[in-house]
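I am opening a notebook page on this structure and setting down, entry by entry, what I looked up in it.

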Amino acid sequence: MKKNILYSKEKIEEKVKELGLTISSDYQNEDKNLLIISLLRGSFIFTADLVRHITVPVRIEFMETSSYGFGKESTGKVEIVSGLTIDISDYDVLIVDDILDSGHTMKTVYDFLKKRNPKSMKTCTFLDKPSRRQVDMNVDYTGFVIEDKFIAGYGLNYGHHYRNTPYIFEVIEN
Ligand SMILES: O=P(O)(O)OC[C@H]1O[C@H](OP(=O)(O)OP(=O)(O)O)[C@H](O)[C@@H]1O
Ligand SMILES: Nc1nc2[nH]cnc2c(=O)[nH]1
């Protein structure tokens, strides 16, 4: 496997900080009650970095979803491996994930949470691949819009590895 580096550690840091400041500004009013719901496993690194740039009170919870298995294509069947146990009706929910690709993951979680009547709900993914969308799903906050390339690093895996790589790269198979 060869790597084509798309975003360096420094570029990522700069963008995450920018997102954190924008979100903080949007949720600064006293009537806001921000709850970030982070989708494991891919978003654990982005979430950890993002929340440290959020300057307003924030509760952080996690859900685990899975749909890709070992391959590069979504199965289209998103499994909610672990859901939520808390009442979200008093919260302004922000769903955080690493990437929006086919949209199946975000759509499934969005519909699942909407039924629980949050005060408001928005979405944030560090990366957005709009050309791959299979369902009607948009993102409110995004870091980088990328082309149709399979990527890894910064939380995203390739064959269960590379989540800990500090930069984002395109996976080029030999
Ligand atoms: O828009 P989609 O096509 O649904 O793709 C996006 C999802 O795919 C990856 O998750 P994956 O199912 O690989 O699980 P992981 O979070 O454990 O890596 C990624 O972390 C997103 O959650
Ligand atoms: N690792 C990885 N997971 C994904 N899930 C959806 N798109 C991608 C991608 O480009 N890379």
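**Entry 1**

I am working on a predicted model, in which local features need pLDDT of at least 70 and side-chain atom pairs count only at pLDDT 80 or more, while totals for chains, interfaces and linings use all residues. Residues are numbered from 1 along each chain as its sequence is written, and chains are lettered from A and ligands numbered from 1 in the order in which they are written.

Tyrosine 154 is not a glycine, yet I found its phi positive, near 50 degrees. I also noted that tyrosine 154 counts as buried because it has 27 C-beta neighbours inside 10 Å (buried means 20 or more other C-beta atoms within 10 Å of its own, exposed 12 or fewer, and partly exposed in between, with C-beta atoms placed from the backbone).

**Entry 2: other backbone points**

I then looked up asparagine 117, in the loop between α3 (104–114) and β6 (120–128), and there too phi is positive, about 50 degrees, in a residue that is not a glycine. Asparagine 117 counts as exposed because it has 11 C-beta neighbours inside 10 Å.

In the loop between β2 (34–40) and α2 (44–51) I came to arginine 41, and the peptide bond that joins leucine 40 to arginine 41 is cis, with omega near 5 degrees. I wrote these points down because most residues other than glycine have a negative phi, and most peptide bonds are trans.

**Entry 3: ligand 2**

Which residues surround ligand 2? I listed Tyr68, Ile99, Asp101, Phe150, Ile151, Ala152, Leu156, Asn157 and Tyr158, taking a residue as near when its C-beta atom, placed from the backbone, lies within 6 Å of the molecule. By class, this shell has seven nonpolar residues, one polar and one charged.

**Entry 4: the chain as a whole**

I counted three helices and nine strands in the chain, and along the sequence they follow the pattern β-α-β-α-β-β-β-α-β-β-β-β. The C-alpha atoms fill a box of roughly 55 × 35 × 25 Å along the principal axes. Of the 174 residues, 34% count as buried. Among contacts with a separation of 6 or more, 65% come from residues 24 or more positions apart, a contact being two C-beta atoms, placed from the backbone, within 7 Å.

Methods: Ala, Val, Leu, Ile, Met, Phe, Trp, Tyr, Cys and Pro count as nonpolar, Asp, Glu, Lys and Arg as charged, and the others, Gly among them, as polar. Helices (H or I, at least four residues) and strands (E, at least two) are DSSP runs, numbered from the N terminus.
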